[in-house]
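Take a look at the chain below.

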Amino acid sequence: MYRAFLFSVIVVVAGVIGCSSGLDAKGTAYVKGRELFLSKDYDSAIEQFNKVIEMDEKFVEAYNMRGSCYSALKKNDEAVKDFSKAIEMDPNNRGAYLNRSLAYKAMGKLPQAKSDTLKASKISD
């Protein structure tokens with residue numbers, strides 16, 4: 001019984017030590033990008049999201065977050081492109097529709113903004 005317990009403890013400790021961060025390079029870059037976004041260092045965040053997209057061009061949320069960075073920098077054309085890419089890959093991504101709606105609104109494209117808001121409202125959580 002004691003040996004089984006000791007073996008279990010060794011396995012758990014080895015697992016914890018072996019998984020120091022738990023994230024791969026893509027995940028690490030994504031988390032770093034989100035941290036930089038939250039600290040309003042949008043240009044650096046864009047660099048991190050670019051790395052994520054280079055590693056995985058189908059990482060939907062990297063496009064959504066990079067678009068949010070572009071929106072914060074008032075680069076709404078670039079933002080719309082990223083939000084559109086996220087929507088293309090995940091047509092049920094309510095956040096991307098809402099973000100694109102805000103970018104369209106900032107550009108004065110109110111019909112497109114209204115359309116995206118309506119689409120987002122029809123997507124359930």
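**Rings, helices and the chain**

Tyr30, Phe49 and Phe59 come together as one aromatic cluster. Keep in mind that this is a predicted model. Counting rings whose centres lie within 6.5 Å, the total is 3 aromatic pairs.

Now turn to two of the helices. H4 covers residues 60-72, and H6 covers residues 94-106. Their axes lie 10 Å apart. The packing angle is about 20°. Angles under 35 degrees count as roughly parallel, so H4 is roughly parallel to H6. The crossing of H4 past H6 is left-handed.

Which residues of H4 and H6 make the contact? From H4 come Asn64, Ser68 and Ser71. From H6 come Gly95, Ala96, Asn99 and Ala103. Sorted by class, this contact has 5 polar residues and 2 nonpolar ones.

Step back to the whole chain. How many helices and strands are there? The chain has 7 helices and 0 strands. Along the sequence, the pattern therefore reads α-α-α-α-α-α-α.

Two figures describe the chain overall. Of its 125 residues, 33% are buried; here buried means under 20% relative accessible area.

Conventions. Residues are numbered from 1 along each chain as its sequence is written. This is a predicted model: local features need pLDDT of at least 70, side-chain atom pairs count only at pLDDT 80 or more; totals for chains, interfaces and linings use all residues. Side-chain values use heavy atoms; hydrogens and water are left out. Axes are lines fitted to C-alpha atoms, for helices over the stretch in contact, and angles run from 0 to 180 degrees between N-to-C directions. Helices (H or I, at least four residues) and strands (E, at least two) are DSSP runs, numbered from the N terminus. Angles under 35 degrees count as roughly parallel, over 145 as roughly antiparallel, 65 to 115 as roughly perpendicular and the rest as oblique. A crossing is left-handed if the near helix is turned anticlockwise from the far one by less than a right angle, and right-handed if clockwise. Contact means heavy atoms within 4.5 Å. Ala, Val, Leu, Ile, Met, Phe, Trp, Tyr, Cys and Pro count as nonpolar, Asp, Glu, Lys and Arg as charged, and the others, Gly among them, as polar. Rings of Phe, Tyr and Trp (its six-membered ring) pair if their centres lie within 6.5 Å; planes under 30 degrees apart count as stacked, over 60 as edge-to-face and the rest as tilted. Buried means under 20% relative accessible area, exposed over 50%, partly exposed in between (1.4 Å probe, protein chains only).
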